[in-house]
Amino acid sequence: MADEALPILIADDQRDVLEALRLLLKSEGHACKTVGDPAAALAALKGGAFAAALIDLNYTRDTTSGREGLDLLKALKQAEPDLPVVAMTAWGSINLAVEAMRLGAGDFIEKPWDNTRLISVLRNQIALGAAARREQKLRAENSLLRGDADEEFIAQSRAMQPVLALIERVAPTDANVLVLGENGTGKGVIARLIHRRSKRAERTLVKVNMGGIAESVFEAEMFGHVRGAFTDAKSDRIGRFELADHGTLFLDEIANIPYAQQAKLLRIVEDGEFERVGSSRTLKVDVRLIAATNADIAAEVAAGRFRKDLLFRLNTVEIRLPPLRERREDIAPLAQSFLARSARRYQRAGMRLGAEALRALEDYPWPGNVRELSHVMERAVLTADSDHIAQLDFSLQPSLAVPPGAAPPASMRLDDAEQDMIRSALERCGGNIQRTAEMLGLSRAALYRRLEKFGIRAAE
Ligand SMILES: Nc1ncnc2c1ncn2[C@@H]1O[C@H](COP(=O)(O)OP(=O)(O)OP(=O)(O)O)[C@@H](O)[C@H]1O
Ligand SMILES: [Mg+2]
């Protein structure tokens, strides 16, 4: 939405002034909304967005003090802090102009005005307002966006070929895509890949974890809110849909959307229209949706926990990612890629995977799929004594790794459990010793003693 194309709001109680301004601005290519008093100006702002407001400070109730105009200025700035307001005063009332600037007017014009100056003042203010809005949007984006621009996508197996073909076909279209697959199969990777291959690639990809939003703030998160919409709403806030305007919105873990909130998504998913919480002004966005879930979404619909109509709008195209155990040809290239990545990260160049270790990887059922494989490889790099990885330990999810009816895991020793805890705490703290020690309730010295005892290399 180009702010420059929005109309200009003009408030003055003299008809001829309104008409003259309207004609002047029209000749400059600006549409106008003209109103005769402060109340009408505020009503107009509720009903639509404006590039700027040009307001007289003197109205009939009190034609000289400017009080009414200043009150209007305050109310406008309160309703829309980024709206540029230009005040009009009578010749010589500099004090009033100064007061207006103090209350947030961007500039002022003395009456009778000079056409050239009026146009240039308005133009500057409109540009500043647009920049302020862009900046607000960017700031919000930066805190949300993920930076992984060129991640590797490995898919050599036969089972992945139809998936690749489908991605190639649908990525450039604006079709909504639903990505299905078990935990860690790469649904997030696919969403980013589709965005990168789409015509929206230069725009933003905004991700929302639907499982991570408290129900009470769901609407505000998704649609934004206006200042004062509720107690904590101290300023306007842009929602995720607006942030993703002209880009892609990735709705992750959609099975976790509370049932009551699903209905609220229907309209925006269907035609892009919505209102910010606390505002009656309808906004419209152009967003391509990618959704993902590891749940059996058809079963969720059958059980009455997920709305069928919402599903039908999200799954224009469905991509099913096979679990890793059904694409074993991908295990070796994935393992090598993760090995290389971790070796780089932990400065252990020259690490190699032995044949036996590789066979073990290919035989393992991988309940945690690709993510589990990446963790196993990272740990292998961290804990290997030499550059040759002969054996691997699959203790991430030992209970799942054991087929039903098989012998219990080889080790149930406390020492092993302790090692596991330390390793996973280290991982969660990104290798930071201080934080890991705090998480485990140990002193740094005690943690170091254990690292030494178990031969765990910290990443620091
Ligand atoms: N085909 C692939 N090539 C390279 N790396 C991959 C591939 N698939 C997944 N990964 C990596 O595996 C990890 C898990 O992938 P991702 O987070 O996309 O899975 P997911 O299906 O979204 O998992 P979850 O269900 O837990 O959200 C990531 O680190 C990702 O980079
Ligand atoms: Mg994911």
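**Around ligand 1**

Biologist: Which helix gives the most to the shell around ligand 1?

Modeller: That is α7, with three residues. Helices here are DSSP runs of H or I, at least four residues long, and strands are runs of E, at least two long, all numbered from the N terminus. This is a predicted model: local features need pLDDT of at least 70, side-chain atom pairs need 80 or more, and totals for chains, interfaces and linings use all residues. Residues count from 1 along each chain as written, chains are lettered from A and ligands numbered from 1 in written order, and side-chain values use heavy atoms, without hydrogens or water.

Biologist: Which helices each supply at least two residues of that shell?

Modeller: α7 (187-196), α13 (331-345) and α15 (369-383).

Biologist: How many residues are around ligand 1, and which come nearest?

Modeller: There are 17, each with a heavy atom within 4 Å of the ligand. Ile-154, Gly-184, Lys-187, Gly-188 and Arg-371 come nearest.

Biologist: How does the shell divide into nonpolar, polar and charged?

Modeller: Six are nonpolar, six polar and five charged. Asp, Glu, Lys and Arg count as charged; Ala, Val, Leu, Ile, Met, Phe, Trp, Tyr, Cys and Pro as nonpolar; the others, Gly among them, as polar.

Biologist: What lies 2.8 Å from a polar backbone atom of Ile-154?

Modeller: A nitrogen atom of ligand 1. That is a polar contact, a pair of N or O atoms within 3.5 Å. Gly-184 has a backbone N or O atom 2.9 Å from a ligand oxygen. For Thr-185, a backbone N or O atom lies 3.2 Å from a ligand oxygen.

Biologist: How much of the ligand's accessible area does the protein cover?

Modeller: It covers 85% of the 630 Å² that ligand 1 has on its own, by the Shrake-Rupley method with a 1.4 Å probe.

Biologist: New topic. How many salt bridges are there?

Modeller: The count is 27, taking a Lys or Arg side-chain nitrogen within 4 Å of an Asp or Glu carboxyl oxygen. One of them joins Glu-19 and Arg-22, at 2.9 Å from N to O.

Biologist: Where do Glu-19 and Arg-22 sit?

Modeller: In helix α1 (residues 15-27). They are three residues apart, so about one helical turn separates them.

Biologist: And the backbone: which peptide bond is cis?

Modeller: The one from Lys-111 to Pro-112, with omega near -10°. Pro-112 is in the loop between β5 (107-111) and α5 (115-144).

Biologist: What is the phi of Gln-347?

Modeller: Phi is positive, about 50°, although Gln-347 is not a glycine. Gln-347 is in the loop between α13 and β15 (352-353).

Technical notes:
A polar contact is a pair of N or O atoms within 3.5 Å; within protein, one must be able to donate a hydrogen and the other to accept it, and residues adjacent in sequence count only if both atoms are side-chain atoms.
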